[in-house]
Amino acid sequence: MSEAELHFLKARMRGGQLNKASRGDLKIGPPVGLVYLSDGTLALDPDAEVQAALRMVFTTFERLGSATRTVKFFLDEGILFPRRLRKGPHKGELMWAPPRHARILQVLHNPRYAGAFVYGRTRGRPRPGGGVSQIKVGMAEWRFVIPDMHPGYIDWERFKANQQRLADNAQAYRMQRHAGPVREGSALLQGRVLCGLCGGRMGVHYSQEHGQPVPTYICQETATRRGGKICQSVPGKVVDPAVGALLVELMTPMTLEVTLAVQHELEARAAETDTLRRQHIERTRHDAELRLRDFATGFWVRRVRRRDV
């Protein structure tokens with residue numbers, strides 16, 4: 001009877017949890033950049049430096065198209081990323097550190113930054129040896145999705161576009177993957193060329209001619225998956241100049257406008273980065289002044305105590 005009662009109690013508690021989640025009223029610990037106010041509503045973190053760091057993650061990812069390159073941009077510019085401590089004696093405090101790739105992926109995949117309430121992003125799966133392991137499920141299998149529940153850093157459409165781009169950038173080699181992020185190299189169409197025979201994505205192979213790297217687009221889909229022969233290869237030294245000439249012809253009337261737009265974007269990006277650095281310097285100076293004040297106060301208190309003794 002006691003086991004049956006525990007089962008019914010757990011079922012009722014689970015039902016109440018699902019009922020709250022269906023209305024978006026279930027309180028879940030917010031990620032860094034979002035805080036609960038005194039009235040129970042979820043809002044953006046009032047810290048301007050935290051907001052600027054998170055907005056820079058999304059704008060940089062949309063500009064560069066890769067989480068790895070976003071992390072590299074932060075590291076190259078010396079920009080730190082916040083993390084709120086969840087346990088320990090300093091629970092609730094902010095800690096600033098260079099971002100990790102996994103951390104940036106967590107931010108990009110989290111729908112709460114899009115102002116949405118989502119429940120059921122993971123699902124329990126029994127393990128053979130006992131216990132339950134949590135596995136992530138796709139967006140189509142999320143149990144409750146309620147957009148525009150609270151303020152966010154991006155809208156829901158931008159979030160879905162980011163998820164699609166992350167899926168396209170997945171490192172696993174799949175048949176349905178027809179494009180990837182821009183990689184290093186001189187090939188103009190790397191990651192964009194599809195084979196006209198089998199429809200697979202063509203890779204790039206570089207060779208040296210007169211001391212210069214020359215690309216060749218190669219379809220190795222059949223060779224890789226079925227142990228067959230290379231489907232076809234196309235010399236990049238013929239294709240790239242033709243595509244480049246076409247782009248120049250199309251873009252020449254807009255060259256001045258594009259140049260001005262790029263210049264304005266670079267200036268805005270530099271100003272945003274400088275603002276974030278300045279905020280971090282001001283925060284560091286403020287913390288140092290507080291620590292110095294605490295140290296001076298403690299020093300005089302100890303000195304007075306010794307004198308009284």
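## Terms and model

A residue counts as buried when its relative accessible area is under 20%, as exposed when that area is over 50%, and as partly exposed in between, using a 1.4 Å probe and protein chains only. By this rule Asp-148, at 65% relative accessibility, is exposed.

This is a predicted model, in which local features need pLDDT of at least 70 and side-chain atom pairs count only at pLDDT 80 or more, while totals for chains, interfaces and linings use all residues. Residues are numbered from 1 along each chain as its sequence is written, and side-chain values use heavy atoms, with hydrogens and water left out.

## Overall make-up

The protein has 309 residues, of which 28% count as buried. It contains eight helices and 11 strands. These elements are DSSP runs numbered from the N terminus: helices are H or I runs of at least four residues, and strands are E runs of at least two.

A contact means heavy atoms within 4.5 Å. Among the contacts in the protein with a separation of 6 or more, 51% come from residues 24 or more positions apart.

## Confidence

The predictor's confidence in each residue is given as pLDDT, from 0 to 100. The protein has a mean pLDDT of 81, and 85% of its residues reach 70 or more.

Among the elements, the highest mean pLDDT, 93, belongs to helix H4 (residues 101–109), and the lowest, 66, to helix H6 (residues 221–226). Over residues 172–178 pLDDT stays under 50, and for this stretch the model has 18 contacts beyond four places in sequence.

Two packed helices are described by the angle between their axes and the distance between the axes. Axes are lines fitted to C-alpha atoms, for helices over the stretch in contact, and angles run from 0 to 180 degrees between N-to-C directions. Angles under 35 degrees count as roughly parallel, over 145 as roughly antiparallel, 65 to 115 as roughly perpendicular, and the rest as oblique. A crossing is left-handed if the near helix is turned anticlockwise from the far one by less than a right angle, and right-handed if clockwise.

Helix H2 (residues 48–64) packs on helix H3 (residues 67–77) at an angle of about 125°, with their axes 9 Å apart. H2 is therefore oblique to H3. The crossing of H2 and H3 is right-handed. Residues of H2 that meet H3 include Met-56, Val-57, Phe-61 and Leu-64, and their partners in H3 include Ala-67, Thr-70, Phe-73 and Phe-74.

## Contacts of helix H4

H3 also packs with H4, at an angle of about 120° and with the axes 9 Å apart. H3 and H4 form a right-handed crossing. In H3, Ala-67, Thr-68, Thr-70 and Val-71 take part, and they meet His-101, Ile-104, Leu-105 and Leu-108 in H4.

Between H2 and H4 the angle is about 90°, and the axes are 11 Å apart. H2 is therefore roughly perpendicular to H4. Leu-54, Val-57, Phe-58 and Phe-61 of H2 make this contact with Ile-104, Val-107 and Leu-108 of H4.

## Cysteines

A disulfide is a covalent bond between the sulfur atoms of two cysteines. Here the term is applied to a pair of cysteine sulfur atoms within 2.5 Å. A search of the whole structure finds zero disulfides. Cys-198 is in none, and its nearest cysteine sulfur, that of Cys-219, is 3.4 Å away. Cys-198 is partly exposed because its relative accessibility is 38%, whereas Cys-219 is buried, at 0%.

## Loop residues

Asp-148 sits in the loop between strand S8 and helix H5 (156–168). Its phi is near 55°, a positive value in a residue other than glycine.

His-210 also has a positive phi, of about 55°, although it is not a glycine. His-210 lies in the loop between strand S9 (203–209) and strand S10 (212–219) and is exposed, with a relative accessible area of 84%. Ala-140, in the loop between strand S7 (132–136) and strand S8 (144–146), is exposed at 82%. The C-alpha atoms of Ala-140 and Arg-121 are separated by 9.8 Å, and the two residues are 19 residues apart along the chain.

## Thr-216 in strand S10

Thr-216 is placed in strand S10. Leaving out residues up to four places away in sequence, Thr-216 touches Gly-203, Val-204, His-205, Ser-233, Val-234, Pro-235 and Gly-236. Asp-240 is 24 residues from Thr-216 along the chain, and their C-alpha atoms are separated by 10.0 Å.
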